[in-house]
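Q: I'm new to this one and would like to learn how to read its charged pairs. Could you walk me through them?

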Amino acid sequence: MSSRRVLPTKINLISMRNQLKLIRVIKRLLENKREVLLIYLRTYINEYEKIYNEVNKALGEVYDSYMKAVVDEGIGSLEEISNSQTNSLQLRSSTRVIFGVKIPITEINESTIPPKPFSEVETSPYLSEAYDKMRETLVKVIKLVELESTIRSLVAELRKTQRLINAIDTSILPFYNNSVKYIRSILNDRSREEFVRLKVTRRILQRRRGDGH
């Protein structure tokens, strides 16, 4: 957008200056928002990495216990136990807002986790061990999914905020700055022209008065 499309009037100069002040305020607010988003993002990333490592370790232990149970019971017996289960697991979902960003909240209803579908006396202790570890890890897995969605939302908002700041820096501010300079330059030229015109007019009048005497 060319600043020369703006009418060089005093009213437009005042308006442009006021809008320029407002845009600078908006930019500062966006920069503050960016800093806050970065703080939240770093916090959630650190929490994600911590829980991810815990889950990764726990799932490795679950797998080891399960494979030992396979050796004791046989894969066929474990598949029968698995196929006998119904899908009863339930999650509760909601959202909360952080600095204008909708953050998902996901919680598992632990009462819907199926109880052990086998007798601890009649089956391998490794199977019971795998179940206990998996039940404990499941809550963390759900938390991991929630954190990943949160991080994605914050990153998307951060990119959007940065794009707005870039637009202000590269397009909006230059337009208003150039417009103010352009209008001021034209008004100054007009003022000088008017001053010269008045000066010439005054000399002509003075000369005429002198000729009249």
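**Reading the salt bridges**

A: Let's start with a network: salt bridges link Lys 27, Glu 31 and Asp 169. The model is predicted, so local features need pLDDT of at least 70 and side-chain atom pairs count only at pLDDT 80 or more, while totals for chains, interfaces and linings use all residues. Residues are numbered from 1 along each chain as its sequence is written, and side-chain values use heavy atoms, leaving out hydrogens and water.

Q: What counts as a salt bridge?

A: Side chains of opposite charge can pair when their charged atoms come close. Here the rule asks for a side-chain nitrogen of Lys or Arg within 4 Å of a carboxyl oxygen of Asp or Glu. That gives ten salt bridges.

Q: Which residue does Lys 33 form a salt bridge with?

A: Glu 157, with the closest N and O atoms 2.6 Å apart. Lys 33 sits in helix H1 and Glu 157 in helix H3 (residues 125-212), so this pair ties together parts 124 residues apart in sequence. Helices are DSSP runs of H or I, at least four residues, numbered from the N terminus.

Q: Are Lys 33 and Glu 157 buried or exposed?

A: Both are buried. Buried means under 20% relative accessible area, exposed over 50%, and partly exposed in between (1.4 Å probe, protein chains only).

Q: Where do Glu 148 and Arg 152 lie?

A: Both are in helix H3, four residues apart, or about one turn of the helix. Glu 148 is partly exposed at 34%, whereas Arg 152 is exposed at 58%.

Conventions: Helices (H or I, at least four residues) and strands (E, at least two) are DSSP runs, numbered from the N terminus.
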